[in-house]
Amino acid sequence: MQQKKLAFIGAGNMSRSIISGLIQSGYDKTRILASNPSTPKLDKLKEEFGIQITQSNDEACQFADAIVLAVKPQMMGDMCADLQQNNDLSGKLFLSIAAGLPVSRLQEMLGGEYPVVRIMPNTPSLLSKGMSGMYADNTVSEDDRTYVDDVMNSVGETVWVEEEDGINGVIAAAGSSPAYFFLFLQAMQDEAINMGFDKAQSRLMVQQAMLGAAEMVCHNPDLELSELRAQVTSKGGTTAAAVNTLIDQGLSDIVSNAMRAAVARAEEMAKQL
Ligand SMILES: NC(=O)C1=CN([C@@H]2O[C@H](COP(=O)(O)OP(=O)(O)OC[C@H]3O[C@@H](n4cnc5c(N)ncnc54)[C@H](O)[C@@H]3O)[C@@H](O)[C@H]2O)C=CC1
Ligand SMILES: O=C(O)[C@@H]1CCC=N1
C-alpha cells in the first residue's frame with residue numbers, strides 16, 4: 001500500500017476504528033496524524049497507536065497528502081470553510097466518511113473540485129472486521145482509488161458503488177447495521193436475564209451464539225442463509241417455535257422499514273446540510 005501522509009480531521013469513534021485497523025496492518029504510524037479540538041481522545045490515540053496528534057486542523061492539512069473528513073455531518077460546513085480559508089488545498093485527496101453529504105456538496109464546502117472519495121465504513125473496522133462502501137467520481141484518479149481501497153481493505157472488506165445513491169444503501173446495510181445487531185443481542189440478553197441467568201452468563205450465551213452464527217455464514221458462502229437456518233430448525237421443535245414467532249410478528253417488515261428509515265434519513269440530511 002502507498003504510505004501517503006494521512007490526516008484524520010475529527011478524532012472520534014470512527015477515526016479511532018480506522019486508525020486502529022491501519023496500525024494493525026502495518027501502516028507507518030509516523031505518517032498518520034489526527035486532529036481534534038480537545039485533547040483527551042488525541043492523547044489516547046497517541047498513547048495507544050503512537051500516531052501524531054494536533055489540535056490544529058490547519059497543521060493536519062499542511063501535513064497531509066490525503067485528508068479524512070471525519071467530523072459529524074453537521075460540523076462539516078464550518079470545518080471545511082476554515083480549512084479552505086487557511087490552506088492551499090490543491091493536490092490533496094479527500095476521504096469523507098460523513099453520512100448524507102454528497103461529493104458535490106463537499107466540494108462546495110471545500111471551495112473547489114478537489115478529488116473526494118466518499119466512504120461509508122462501520123465501527124468493526126476497529127477489529128479489522130469493517131465493511132466499507134465507497135464512491136468516487138471522475139475527479140479521483142485510478143491511483144487514488146487504489147490507495148483508498150487499500151486503506152479501507154486494511155480494516156475490513158470493501159465494495160465500490162457505481163452511483164452515489166448507492167452509498168445510502170451501504171449506510172442501511174453496513175454503516176448503521178452493527179447497531180441493529182447490538183439491539184437484537186440486547187433484547188436477547190434481557191430475556192435471558194428474565195429467565196434467571198446473570199448478566200455475564202446472558203451476555204456470554206448471546207454473543208457466542210452470534211459469533212458462531214456469523215462464522216458459519218462466512219465459512220459457507222455457497223449455502224443460502226435460509227439453508228443455514230433450516231439446519232438449526234427441527235420440524236416441530238424449539239427453533240421452529242421461536243423463528244415462527246419472529247416471522248409471524250413481522251421481523252422482515254421491521255428490518256426493511258428500519259433500513260428504509262436509514263436511507264430516508266441520509267436523503268433528508270443531504271437536503272438539510
Ligand atoms: N460511528 C459510526 O458508526 C459511523 C460514523 N460515520 C461518520 O463518521 C463521522 C464521525 O462520526 P463519529 O466518529 O461516530 O463521531 P464522533 O462524535 O465520535 O467524532 C467526531 C469528532 O470530531 C471532533 N470535532 C468536532 N468539530 C471538529 C472540528 N471543527 N475539527 C476537528 N474535529 C472536530 C469531535 O470533537 C469528535 O471527537 C460522521 O460524519 C458520521 O456520519 C460513518 C460511518 C459509521
Ligand atoms: O448514525 C450515523 O449517522 C452514522 C452513519 C452510519 C453509522 N453512524
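Two strands are counted as paired if DSSP finds at least two bridges between them. Helices (H or I, at least four residues) and strands (E, at least two) are DSSP runs, numbered from the N terminus. The model is predicted: local features need pLDDT of at least 70, side-chain atom pairs count only at pLDDT 80 or more, and totals for chains, interfaces and linings use all residues. Residues are numbered from 1 along each chain as its sequence is written, while chains are lettered from A and ligands numbered from 1 in the order in which they are written.

**View 1. The open sheet of 8 strands.** The strand order is S3-S2-S1-S4-S5-S6-S7-S8, with mixed pairing. Strands S3 (52-54) and S8 (156-160) form the edges, and each has a single partner strand, so one side of each lacks a neighbour in the sheet. From one strand to the next, the twist averages 25° (angles run from 0 to 180 degrees between N-to-C directions of axes, which are lines fitted to C-alpha atoms, for helices over the stretch in contact).

**View 2. The pairing of S1 and S4.** Strands S1 (residues 6-9) and S4 (residues 66-69) run parallel and are joined by 4 bridges. Ala7 stands opposite Ile67 in S4.

**View 3. Helix H1 across the sheet strands.** Helix H1 (residues 13-24) lies across S1, S2 (32-35), S4 and S7 (130-136), and runs at about 165° to S2. Contact requires C-beta atoms, placed from the backbone, within 7 Å.

**View 4. The surroundings of ligand 2.** Ala99, Ile171, Gly175 and Ser176 surround ligand 2 (C-beta atom, placed from the backbone, within 6 Å).

Technical notes: Contact = placed C-beta atoms within 7 Å.
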